[in-house]
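Good morning, and thank you for making time for this presentation. Please have the sequence and the structure open while I speak.

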Protein chains: 2
Amino acid sequence: MSADQKPLVVNSNILQMEYAVRGPIPKRAAVLEKQGKKIIPCHIGNPQALGQVPMTYLRQVLSLVEDPAKIERERQLKSLFEENPYSDLGDEDFISEDILQISEEILAASGTGMGAYTASKGHLFIREAVAEFIDQRDGYRPGKGIPADSESIFLTTGASQGVYFVVDLLIAEKNDGIMIPIPQYPLYSAAIKKVGGVQVNYYPDEERGWVFDRSILADAYKKAQKEGINVKAIVVINPGNPTGAVLDEASMLEVIEFARDHQLMIIADEVYQENIYHGKFHSFAKVLGKEQVSLVSLHSISKGFLGECGHRGGYLEIRNPPKIEGTSLDFVDLLNKQASVSLCSSTPGQVLTYLMVKPPSENNRTYQTYIREKETILKDLHEKALMVREAFKEMEGVECFGETGALYLFPRLGVLPGGTTDFDYCMALLEETGLCTVNGSGFGQKPGTQHLRIAFLPPKDLLKQVLPKWIQFHNRYVKG
Amino acid sequence: MSADQKPLVVNSNILQMEYAVRGPIPKRAAVLEKQGKKIIPCHIGNPQALGQVPMTYLRQVLSLVEDPAKIERERQLKSLFEENPYSDLGDEDFISEDILQISEEILAASGTGMGAYTASKGHLFIREAVAEFIDQRDGYRPGKGIPADSESIFLTTGASQGVYFVVDLLIAEKNDGIMIPIPQYPLYSAAIKKVGGVQVNYYPDEERGWVFDRSILADAYKKAQKEGINVKAIVVINPGNPTGAVLDEASMLEVIEFARDHQLMIIADEVYQENIYHGKFHSFAKVLGKEQVSLVSLHSISKGFLGECGHRGGYLEIRNPPKIEGTSLDFVDLLNKQASVSLCSSTPGQVLTYLMVKPPSENNRTYQTYIREKETILKDLHEKALMVREAFKEMEGVECFGETGALYLFPRLGVLPGGTTDFDYCMALLEETGLCTVNGSGFGQKPGTQHLRIAFLPPKDLLKQVLPKWIQFHNRYVKG
């Protein structure tokens, strides 16, 4: 920059926006890594960065739709080998016929292959498959509940794009606010900050496993109202991020009634719906039933047992979209406008979303491989969570509340030595052990408490090595 | 929605934002298509939707990195066939070894494969390749110009995400403005509107082939200043969208001097840099040289001869990033913050960006195929543009200025019958012929003129069928 160039005044909202998951601790980790230190990246739910293997079904199909010439060639090669007495290749050395057929069906349904922009909302056949998936997951039957509608579904660039679409629309004035749980995934605070809205905190009860009731919501709402804030929506993350806690149906019903009474939109972040290690996931759409409350639900290919973060796919579904003041439009029309100015989400993300909602179902080789891989990944995640929880027991003052869900644990650190914070703790933990976590204050926490979030993703061998070091570090650190 | 739910007040900027490329005409086309009418989608630069074939090099590599097990298997199959006296398969039935190696190199360089989030800016090895590409394209040599820096490069979700990043940052106050050419690609007006900034129009000289000089820029700037607008940047689209016009170096120098004198950032949309059918592309980075003006350049995998729109890849490069008022940060830091809250662009988009900037270079089968495909696509595009231009000559009053570049022509329609607009014209053209174009007013145009934009992408056979119908339609329409 030239000496006489004057400094630029930029959008102060972006200047003030914070995003701890990619903040100072991971930045420091990147510096240490460049210096040769072995870093264990547990600051973010990025399973394949820590060795989680992609699902064969998804990748075989994606690979074929990207290079469709390989579909017919696979059949030719297979038949050449079958006829050939010298060949010792078997069926399992070739891609199964059902995978070839699904790939052909996707290409045919897309009409334009992988290289063309799709409709702004995403391919219709994929949105229809998402609607079917929702109905099946929630046990929809005629007369029971409301079926999902493909026109109210948007295929998005990860779930985060859906969050931005909705928050950008909701914040119309500086005193418009959105309720978010504390602790929260900082995407929400960042999205609200970015458009200059107000973050209205509510505090799930940590010691009761992060559940909440009407009075907790009402307290937050009343406080905001007193401050002149116009609350427009409430965010619920279930299973929780960063807490990992799984919401019970009672808490969900409280949210729905509360939202109805105060005309709030519910934003249900359900990207971890497959990461429940016992019990069953209840979607907000299902619990909502015929209640006329506006509900936005988000899902993603990045989490669950797919872990396809890099492909940036997901969807947003809206129910009971509100009408828009002063127009003949509703919320779906405006979401569509939002989607159209970014043209469309990527086709690989869309295809993987399709495969997420359409797993193999016939009892054949593809199905068996899929189930085996899925169960291995989920079992492994659960065992790793338990290993980390076990380690907490040996750390002085550390407590971890709530059932295990999502990909995270959010232990309370107890009393830290005078003047130090969970940020200092995480930084020191990183420097000493290479374990990269995020301090609780990056997600928000009740004043006076200290936490950290760890994604329980490293391979077990690595956990076995690093957990004792962490225990040692901890018990020394808290002594001051 | 329940009867007693009150209408929602939403962000009025988004309500007012318009995006003609996905506006009422394409929406009407979608309705007609559902009714069984054959639609020719020329409203958007979406080549593969109109039969342009993907480049083999890009897709073979992408397919392999998505399913890495196929790399080694390809080698095994090939050697099995080579040893087998019964086989009549040749080398060309298998993927060449250099493609296999590039795929392995990409996977190794990524460190984490395709399923993991990357750094917010995108993979470093890809940003380094982009920097090399820029240096090579612009003939950088030590002592001549400034080399590109991988830390100032961001891999983005198409070029459009880069535009939003920059515009979102620049608009700090309601009276902050950005100069854009009229006609313009409506992404710019939408991005400015979305964050409540002011669009400051400048008017390239249509009859001189859409060139412009200092006085044209100064007129627009002075007018804005008088209205209390704080102009912060100037957008230049080269080759032009929607005009297709290719900018001469003289106009570029005028922009640079003008930007320097008024401390404006230049936003150079160069996504059509390969779509020049005679002559040579000059990048702003090259023409800028050592001049200390802030420059953002955008490029994309969606256009050129790749046409990989659906994969949503691109990059943004910034030179001379301004310091940020009141902080120790510069513009790169804030772009990084923007990128981090959307986590990262998709890995397939990143990989295709890598392959765009790293075409095959050895004179082997891969190279020969690449060059043949590239030349076929570009020759075909040029011939189609000429066919459409020829048709204009038979349309009463139609004139088309400027060299042919990009994927578009932007003819001036002459006098339309009393009271009708180019919107009416395009709608009637759609209803009669199925040809979906966008009216000039969707891009902005000098008051009193009427235009349309057509993407010259349909296969020649289809053009041969539809152009006579258009001529007929036109000559009848203008008679009123």
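I shall go through the relation of the chains, then the sheets, the helix pairs and some backbone details.

Let me say at the outset that this is a predicted model. What I report was computed from that predicted model.

I begin with the two chains. Chain B is superposed on chain A by a rotation of 180 degrees, with 0.0 Å of shift along the axis and an RMSD of 0.0 Å. The two copies are thus related as by a two-fold rotation axis. Where does chain B come nearest to the axis, by C-alpha? The residue is B:S63, whose C-alpha is 2.1 Å from the axis.

Turning to the interface, chain B contributes 73 residues to the contact and chain A contributes 73 residues. On the side of chain B that touches chain A, the elements giving two or more residues are α1 (12–16), α3 (56–66), α4 (69–83), α7 (158–170), α8 (187–194), α12 (331–341) and α13 (347–357) of chain B. Of these, α12(B) gives the most, with 6 residues. Sorted by class, this side of chain B has 32 nonpolar, 29 polar and 12 charged residues. Why may we say that the copies meet through the same surface? They do so because 100% of the interface residues of chain B are also interface residues in chain A.

Next, the sheets. In chain A, 7 strands form an open sheet in the order β2-β8-β7-β6-β5-β3-β4, and the pairing is mixed. The edge strands are β2 (153–156) and β4 (198–202) of chain A, each of which pairs on one side only. From one strand to the next, the twist averages 20 degrees.

Within this sheet, strands β7 (residues 295–300) and β8 (residues 314–319) of chain A run antiparallel and are joined by 6 bridges. A:V296 has A:I318 of β8(A) opposite it.

Two helices of chain A deserve mention here. Helix α9 (residues 214–226) of chain A packs on the sheet and touches β3 (176–181), β4 and β5 (230–237) of chain A. The direction of α9 makes about 145 degrees with that of β4(A). Helix α10 (residues 249–262) of chain A lies across β5 and β6 (265–269) of chain A, and runs at about 165 degrees to β5(A).

Chain B lets us look at another sheet. It is an open sheet of 3 strands in the order β9-β12-β11 (chain B), and the pairing is antiparallel. At its edges stand β9 (408–409) and β11 (438–439) of chain B; each has a single partner strand, so one side of each is left without a neighbour in the sheet. Strand β9(B) is joined by 2 bridges to strand β12 (residues 452–455) of chain B, and the two run antiparallel. One residue pair to locate on the display is B:Y408 with its bridge partner in β12(B), B:A455.

I now come to the helix pairs. In chain A, helix α3 (residues 56–66) and helix α5 (residues 97–110) pack at an angle of about 50 degrees, with their axes 9 Å apart. α3(A) and α5(A) are therefore oblique to each other, and their crossing is right-handed. From α3(A) the contact takes A:Q60, A:V61, A:L64 and A:V65, and from α5(A) it takes A:I99, A:L100, A:I102, A:S103, A:I106 and A:L107. By class, that makes 8 nonpolar, 2 polar and no charged residues.

In chain B, helix α15 (residues 422–433) packs with helix α16 (residues 460–477) at an angle of about 130 degrees, the axes being 10 Å apart. That makes α15(B) oblique to α16(B). The crossing of α15(B) past α16(B) is right-handed. On α15(B) the contact residues are B:Y425, B:A428, B:L429, B:E432 and B:T433, while α16(B) supplies B:V466, B:K469, B:W470, B:F473 and B:Y477. The contact of α15(B) with α16(B) comprises 7 nonpolar, 1 polar and 2 charged residues.

Finally, the backbone details. Most residues other than glycine have a negative phi, and most peptide bonds are trans. Which peptide bond of chain A is cis, with omega about -10 degrees? It is the bond joining A:N238 and A:P239, and A:P239 lies in the loop between β5 and α10 of chain A. In chain B, the peptide bond from B:N238 to B:P239 is cis, with omega near -10 degrees. B:P239 is placed in the loop between β5 (230–237) and α10 (249–262) of chain B.

A:W210, a residue other than glycine, has a positive phi, near 65 degrees. A:W210 is found in the loop between β4 and α9 of chain A.

Thank you for your attention.

Key
Residues are numbered from 1 along each chain as its sequence is written. Chains are lettered from A and ligands numbered from 1 in the order in which they are written. This is a predicted model: local features need pLDDT of at least 70, side-chain atom pairs count only at pLDDT 80 or more; totals for chains, interfaces and linings use all residues. Axes are lines fitted to C-alpha atoms, for helices over the stretch in contact, and angles run from 0 to 180 degrees between N-to-C directions. Helices (H or I, at least four residues) and strands (E, at least two) are DSSP runs, numbered from the N terminus. Angles under 35 degrees count as roughly parallel, over 145 as roughly antiparallel, 65 to 115 as roughly perpendicular and the rest as oblique. A crossing is left-handed if the near helix is turned anticlockwise from the far one by less than a right angle, and right-handed if clockwise. Two residues are in contact if their C-beta atoms, placed from the backbone, lie within 7 Å. Ala, Val, Leu, Ile, Met, Phe, Trp, Tyr, Cys and Pro count as nonpolar, Asp, Glu, Lys and Arg as charged, and the others, Gly among them, as polar. Two strands pair if DSSP finds at least two bridges between them. Copies are superposed by least squares on the C-alpha atoms of residues with pLDDT of at least 70 in both.
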